[in-house]
Amino acid sequence: MISPKDRAAVVAALKRHGAKARKGQLRIGVGDLFWYVGLRADGVGPQAAWLFEVGCWVPELTPEPEGGAVDCPLMLDVPGGDDVVATASALVDDVVVVGDLAALGQWAQRHPEALVDRVLRERLSDV
């Protein structure tokens with residue numbers, strides 16, 4: 001279970017890395033891309049595990065997401081683990097170096113579990 005103190009620390013860590021609130025979601029602009037990072041429970045009750053929802057929005061391909069990561073053309077769930085603050089920092093370190101389609105294609109190859117929509121998948125194959 002994540003405490004309110006840990007949740008606040010996660011948000012602070014994300015903001016230290018440049019995340020800004022937009023339409024109720026935290027997002028990080030990197031080059032031509034925007035990364036959405038949100039923390040949610042993976043289940044019901046105090047024993048539910050925590051997940052980070054990570055999404056990448058490519059402005060030239062789709063309209064701006066209304067629902068955060070879940071509306072992005074690339075989405076990935078990352079388990080929060082035992083230390084969600086450390087996981088948040090590592091996660092942000094992983095995405096802040098990805099700011100264009102070529103780098104995103106390489107990132108997606110390292111994360112085959114990521115869901116990539118058809119339009120983005122086609123664009124990444126062209127790069």
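Biologist: Is Glu64 buried or exposed?
Modeller: Glu64 counts as buried, because its relative accessibility is 19%, and buried here means under 20% relative accessible area, exposed over 50%, and partly exposed in between, with a 1.4 Å probe and protein chains only. Please keep in mind that this is a predicted model, in which local features need pLDDT of at least 70 and side-chain atom pairs count only at pLDDT 80 or more, while totals for chains, interfaces and linings use all residues. Residues are numbered from 1 along each chain as its sequence is written, and side-chain values use heavy atoms, with hydrogens and water left out.

Biologist: Which residue does Glu64 form a salt bridge with?
Modeller: Glu64 forms one with Arg22, and their closest N and O atoms are 2.7 Å apart; the term stands for a side-chain nitrogen of Lys or Arg within 4 Å of a carboxyl oxygen of Asp or Glu. Glu64 lies in the loop between β4 and β5 and Arg22 in strand β1 (residues 20–22), so the pair ties together parts that are 42 residues apart in sequence. Helices (H or I, at least four residues) and strands (E, at least two) are DSSP runs, numbered from the N terminus.

Biologist: And what about Arg22, buried or partly exposed?
Modeller: Arg22 counts as partly exposed, because its relative accessibility is 34%. Arg22 and Glu64 also belong to a network of salt bridges that includes Lys23, Arg27 and Glu66.

Biologist: How many salt bridges are there in the whole structure?
Modeller: A search of the whole structure finds 10. Another one of them joins Glu60 and Arg123, at 2.7 Å from N to O, and this pair links distant parts of the chain, with Glu60 in the loop between β4 and β5 and Arg123 in helix α4, 63 residues apart.

Biologist: Changing topic, what does β4 pair with?
Modeller: Strand β4 (residues 49–57) runs antiparallel to strand β3 (residues 33–42), and 9 bridges join them, while β4 and strand β5 (residues 74–79) pair in the antiparallel sense over 6 bridges. Two strands pair if DSSP finds at least two bridges between them. Gly38 stands opposite Glu53 in β4, and Gly55 has Met75 in β5 as its bridge partner.

Biologist: How many residues of β4 are buried?
Modeller: Strand β4 is mostly covered, since 8 of its 9 residues are buried.
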